[in-house]
Amino acid sequence: EVSLPSGSALTTADPTNTKILTIKEIYNKNANAVVEIVTQYTTSYGYWGNVAGESAGSGVILTEDGYLVTNYHVIEKAEQIHIRLKSGDTYEATLVGSDEENDIAVLKIDAQDLSYVTLGDSSTVEVGDLCVAIGNPLGVLGGTLTDGIIGALDREIKFSDGETRRLLQHNAAVSPGSSGGGLFNESGDLIGIVNAKANSTEAEGIGFA
(Lines give C-alpha, C1' and ligand atoms only; values in the text may rest on other atoms or scores of the structure.)
Protein backbone atom coordinates (compact mmCIF):
# COMPACT_ATOMS: atom_id res chain seq x y z
CA GLU A 1 0.00 0.00 0.00
CA VAL A 2 1.37 3.37 -1.03
CA SER A 3 1.16 6.31 1.37
CA LEU A 4 2.26 9.59 -0.16
CA PRO A 5 4.17 12.11 1.97
CA SER A 6 2.03 14.91 3.40
CA GLY A 7 3.57 17.39 0.99
CA SER A 8 2.63 15.31 -2.05
CA ALA A 9 -0.97 16.30 -2.46
CA LEU A 10 -3.32 14.65 -4.93
CA THR A 11 -5.81 16.98 -6.60
CA THR A 12 -9.39 15.81 -6.94
CA ALA A 13 -12.09 17.36 -9.10
CA ASP A 14 -14.68 19.68 -7.62
CA PRO A 15 -17.98 17.80 -8.11
CA THR A 16 -19.85 21.11 -8.44
CA ASN A 17 -17.70 22.15 -11.39
CA THR A 18 -19.30 20.61 -14.46
CA LYS A 19 -17.69 22.88 -17.05
CA ILE A 20 -17.37 21.14 -20.40
CA LEU A 21 -14.09 21.73 -22.22
CA THR A 22 -13.27 21.43 -25.89
CA ILE A 23 -10.97 18.58 -26.91
CA LYS A 24 -8.21 21.13 -27.49
CA GLU A 25 -8.72 22.53 -23.97
CA ILE A 26 -8.60 19.02 -22.46
CA TYR A 27 -5.31 18.40 -24.25
CA ASN A 28 -3.79 21.71 -23.20
CA LYS A 29 -4.82 21.04 -19.60
CA ASN A 30 -3.19 17.60 -19.44
CA ALA A 31 -0.56 17.14 -22.16
CA ASN A 32 2.35 18.15 -19.92
CA ALA A 33 1.20 15.70 -17.24
CA VAL A 34 1.39 12.62 -19.50
CA VAL A 35 4.85 11.11 -19.91
CA GLU A 36 6.71 8.55 -21.99
CA ILE A 37 8.16 5.56 -20.14
CA VAL A 38 11.08 3.48 -21.40
CA THR A 39 12.22 0.42 -19.44
CA GLN A 40 15.32 -1.74 -19.75
CA TYR A 41 15.28 -5.41 -18.79
CA THR A 42 17.26 -8.61 -19.26
CA THR A 43 15.81 -11.86 -20.59
CA SER A 44 17.57 -15.16 -19.97
CA TYR A 45 17.77 -17.66 -22.83
CA GLY A 46 19.53 -20.43 -20.92
CA TYR A 47 22.38 -21.83 -22.98
CA TRP A 48 22.32 -18.72 -25.20
CA GLY A 49 22.87 -16.37 -22.26
CA ASN A 50 21.14 -13.14 -21.36
CA VAL A 51 19.73 -10.65 -23.84
CA ALA A 52 19.02 -7.00 -23.02
CA GLY A 53 15.62 -5.69 -24.02
CA GLU A 54 13.68 -2.44 -24.00
CA SER A 55 10.00 -1.62 -23.89
CA ALA A 56 7.92 1.55 -23.83
CA GLY A 57 4.68 2.81 -22.35
CA SER A 58 3.00 5.85 -20.90
CA GLY A 59 2.42 7.36 -17.48
CA VAL A 60 0.44 10.13 -15.78
CA ILE A 61 1.87 12.60 -13.26
CA LEU A 62 -0.22 12.80 -10.07
CA THR A 63 1.70 15.36 -7.97
CA GLU A 64 3.90 18.35 -8.65
CA ASP A 65 6.82 16.64 -6.86
CA GLY A 66 7.01 13.69 -9.22
CA TYR A 67 4.69 10.85 -8.22
CA LEU A 68 3.14 9.22 -11.28
CA VAL A 69 0.98 6.25 -12.15
CA THR A 70 1.23 3.69 -14.94
CA ASN A 71 0.29 0.07 -15.60
CA TYR A 72 2.04 -2.69 -13.70
CA HIS A 73 2.64 -4.55 -16.96
CA VAL A 74 4.59 -1.55 -18.32
CA ILE A 75 7.27 -1.85 -15.60
CA GLU A 76 6.86 -5.53 -14.63
CA LYS A 77 10.28 -6.72 -15.86
CA ALA A 78 12.10 -3.41 -15.58
CA GLU A 79 15.60 -3.14 -14.18
CA GLN A 80 15.73 0.55 -15.10
CA ILE A 81 12.83 2.93 -15.70
CA HIS A 82 13.26 6.23 -17.52
CA ILE A 83 10.67 8.98 -17.81
CA ARG A 84 10.57 11.54 -20.61
CA LEU A 85 8.44 14.65 -20.14
CA LYS A 86 6.73 16.50 -22.98
CA SER A 87 9.46 19.15 -22.58
CA GLY A 88 12.05 16.51 -23.49
CA ASP A 89 13.56 16.36 -19.99
CA THR A 90 14.36 12.82 -18.86
CA TYR A 91 14.57 11.28 -15.38
CA GLU A 92 15.28 7.89 -13.88
CA ALA A 93 12.29 6.65 -11.89
CA THR A 94 12.01 4.45 -8.84
CA LEU A 95 9.16 2.02 -8.20
CA VAL A 96 7.18 3.11 -5.13
CA GLY A 97 4.49 0.44 -5.13
CA SER A 98 2.44 -1.78 -7.40
CA ASP A 99 -0.79 -3.74 -7.59
CA GLU A 100 -0.40 -6.55 -10.11
CA GLU A 101 -4.00 -7.72 -9.73
CA ASN A 102 -5.33 -4.33 -10.85
CA ASP A 103 -2.41 -3.63 -13.24
CA ILE A 104 -1.35 -0.40 -11.51
CA ALA A 105 2.06 0.89 -10.42
CA VAL A 106 3.24 4.12 -8.77
CA LEU A 107 6.62 5.61 -9.71
CA LYS A 108 8.62 8.57 -8.41
CA ILE A 109 11.03 10.92 -10.17
CA ASP A 110 13.23 13.51 -8.49
CA ALA A 111 11.61 16.68 -9.84
CA GLN A 112 9.57 19.65 -8.67
CA ASP A 113 6.95 22.03 -10.06
CA LEU A 114 5.63 19.47 -12.52
CA SER A 115 2.30 19.63 -14.32
CA TYR A 116 -0.16 17.12 -12.85
CA VAL A 117 -3.68 15.85 -13.44
CA THR A 118 -6.90 16.35 -11.54
CA LEU A 119 -8.47 13.07 -10.42
CA GLY A 120 -12.04 12.64 -11.60
CA ASP A 121 -14.67 10.17 -10.41
CA SER A 122 -15.04 7.24 -12.79
CA SER A 123 -18.19 6.10 -10.97
CA THR A 124 -20.04 9.09 -12.46
CA VAL A 125 -19.17 8.17 -16.05
CA GLU A 126 -22.04 7.20 -18.34
CA VAL A 127 -22.19 5.40 -21.67
CA GLY A 128 -21.96 7.96 -24.44
CA ASP A 129 -19.79 10.42 -22.50
CA LEU A 130 -16.92 12.02 -24.37
CA CYS A 131 -13.47 10.70 -23.46
CA VAL A 132 -9.97 11.68 -24.52
CA ALA A 133 -6.83 9.52 -24.36
CA ILE A 134 -3.30 10.94 -24.22
CA GLY A 135 -0.31 8.63 -24.41
CA ASN A 136 2.73 7.29 -26.24
CA PRO A 137 1.41 4.89 -28.92
CA LEU A 138 3.96 2.56 -30.50
CA GLY A 139 6.46 3.82 -27.93
CA VAL A 140 7.62 6.62 -30.23
CA LEU A 141 4.64 8.95 -30.56
CA GLY A 142 4.58 10.64 -27.16
CA GLY A 143 1.90 13.25 -26.53
CA THR A 144 -0.58 11.72 -28.95
CA LEU A 145 -4.23 12.72 -28.50
CA THR A 146 -7.19 10.57 -29.55
CA ASP A 147 -10.85 10.99 -28.73
CA GLY A 148 -13.95 8.86 -28.49
CA ILE A 149 -16.85 7.99 -26.23
CA ILE A 150 -17.44 5.61 -23.35
CA GLY A 151 -18.86 2.44 -24.88
CA ALA A 152 -19.60 0.35 -21.78
CA LEU A 153 -19.19 0.41 -18.00
CA ASP A 154 -17.79 -2.29 -15.70
CA ARG A 155 -16.86 -4.54 -18.59
CA GLU A 156 -15.45 -7.80 -17.20
CA ILE A 157 -12.38 -8.76 -19.22
CA LYS A 158 -10.16 -11.81 -18.68
CA PHE A 159 -6.49 -11.24 -19.53
CA SER A 160 -3.78 -13.64 -20.66
CA ASP A 161 -2.22 -13.53 -17.16
CA GLY A 162 -5.41 -15.14 -15.83
CA GLU A 163 -6.63 -12.01 -14.05
CA THR A 164 -10.15 -10.70 -14.60
CA ARG A 165 -10.58 -6.93 -14.37
CA ARG A 166 -13.63 -4.69 -14.53
CA LEU A 167 -12.86 -1.87 -16.95
CA LEU A 168 -14.25 1.13 -18.80
CA GLN A 169 -14.68 0.36 -22.48
CA HIS A 170 -14.05 3.22 -24.92
CA ASN A 171 -13.32 3.76 -28.60
CA ALA A 172 -10.49 6.32 -28.42
CA ALA A 173 -7.71 4.85 -30.56
CA VAL A 174 -4.93 3.22 -28.51
CA SER A 175 -1.94 1.11 -29.51
CA PRO A 176 0.95 -0.72 -27.85
CA GLY A 177 2.79 1.98 -25.92
CA SER A 178 -0.46 3.73 -24.96
CA SER A 179 -0.64 1.54 -21.83
CA GLY A 180 -0.37 3.66 -18.71
CA GLY A 181 -1.61 6.81 -20.42
CA GLY A 182 -4.55 8.87 -19.26
CA LEU A 183 -8.23 8.68 -20.14
CA PHE A 184 -9.93 12.01 -19.43
CA ASN A 185 -13.55 13.12 -19.23
CA GLU A 186 -15.15 16.17 -20.84
CA SER A 187 -14.00 18.34 -17.92
CA GLY A 188 -10.40 17.26 -18.42
CA ASP A 189 -10.30 15.13 -15.26
CA LEU A 190 -8.56 11.75 -15.14
CA ILE A 191 -11.10 8.92 -15.11
CA GLY A 192 -8.97 5.96 -16.16
CA ILE A 193 -5.54 4.55 -16.96
CA VAL A 194 -5.43 3.03 -20.45
CA ASN A 195 -4.39 -0.61 -20.15
CA ALA A 196 -5.68 -2.72 -23.03
CA LYS A 197 -7.27 -2.97 -26.45
CA ALA A 198 -9.01 -5.78 -28.27
CA ASN A 199 -6.25 -7.32 -30.41
CA SER A 200 -8.39 -9.42 -32.70
CA THR A 201 -8.02 -8.61 -36.39
CA GLU A 202 -11.82 -8.45 -36.46
CA ALA A 203 -12.02 -5.80 -33.71
CA GLU A 204 -11.89 -2.05 -34.22
CA GLY A 205 -12.30 0.80 -31.76
CA ILE A 206 -12.42 -1.35 -28.61
CA GLY A 207 -10.13 -0.06 -25.88
CA PHE A 208 -10.19 -0.39 -22.11
CA ALA A 209 -9.07 1.65 -19.11
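Predicted model: local features only at pLDDT ≥ 70, side-chain atom pairs only at ≥ 80, totals over all residues.

Visitor: What makes β7 and β8 a pair of strands?
Guide: Pairing takes at least two bridges between the strands. Six bridges join β7 (residues 130-135) to β8 (residues 144-158), so by that cut-off they pair, and they run antiparallel.

Visitor: Which sheet do they belong to?
Guide: An open sheet of seven strands, with antiparallel pairing and the order β11-β10-β7-β8-β9-β13-β12.

Visitor: Why are β11 and β12 called edge strands?
Guide: Each of them, β11 (190-193) and β12 (196-197), pairs on one side only.

Visitor: What does α1 touch on the sheet?
Guide: α1 packs on the sheet and touches β7, β8 and β10 (182-184). The direction of α1 makes about 40° with that of β7.

Visitor: How do you know that the buried residues of α1 line one face?
Guide: The buried residues of α1 (residues 23-30) are I26, Y27 and N30. Looking down the helix axis, you find them within an arc of 100°, so they line one face of the helix. K24 and N28, on the other side of α1, are exposed.

Visitor: Why is β6 described as largely enclosed?
Guide: β6 (residues 104-108) has five residues and four of them are buried, so the rest of the structure largely encloses this strand.

Visitor: Which residues are bridge partners of L107 in β6?
Guide: L68 is one, and L95 is another. β3 (residues 67-70) pairs with β6 over four bridges, in the antiparallel sense. Five bridges join β5 (residues 90-99) to β6, again antiparallel.

Visitor: What lies between β5 and β6 in their hairpin?
Guide: Four residues. D103, in the turn, has a positive phi of about 60°.

Visitor: How do you know that K108 lies over the face of Y67?
Guide: The distance limit is within 6 Å of the ring centre, along with an angle limit of within 35 degrees of the ring normal. K108 is at 5.4 Å from the ring centre of Y67, so the distance passes, and K108 is listed as lying over the face.

Visitor: How many aromatic pairs are there?
Guide: A search of the whole structure finds zero.

Note on methods: Residues numbered from 1 in each chain as written. Heavy atoms only, no water. Phe/Tyr/Trp six-rings, centres within 6.5 Å; stacked < 30°, edge-to-face > 60°. Buried < 20%, exposed > 50% of the residue type's maximum accessible area, 1.4 Å probe, protein only. Helix = DSSP H or I, 4+ residues; strand = E, 2+ residues; numbered from the N terminus. Arc of directions from axis to C-beta. Contact = heavy atoms within 4.5 Å. Axes fitted to C-alpha atoms, helices over the stretch in contact; angles between N-to-C directions.
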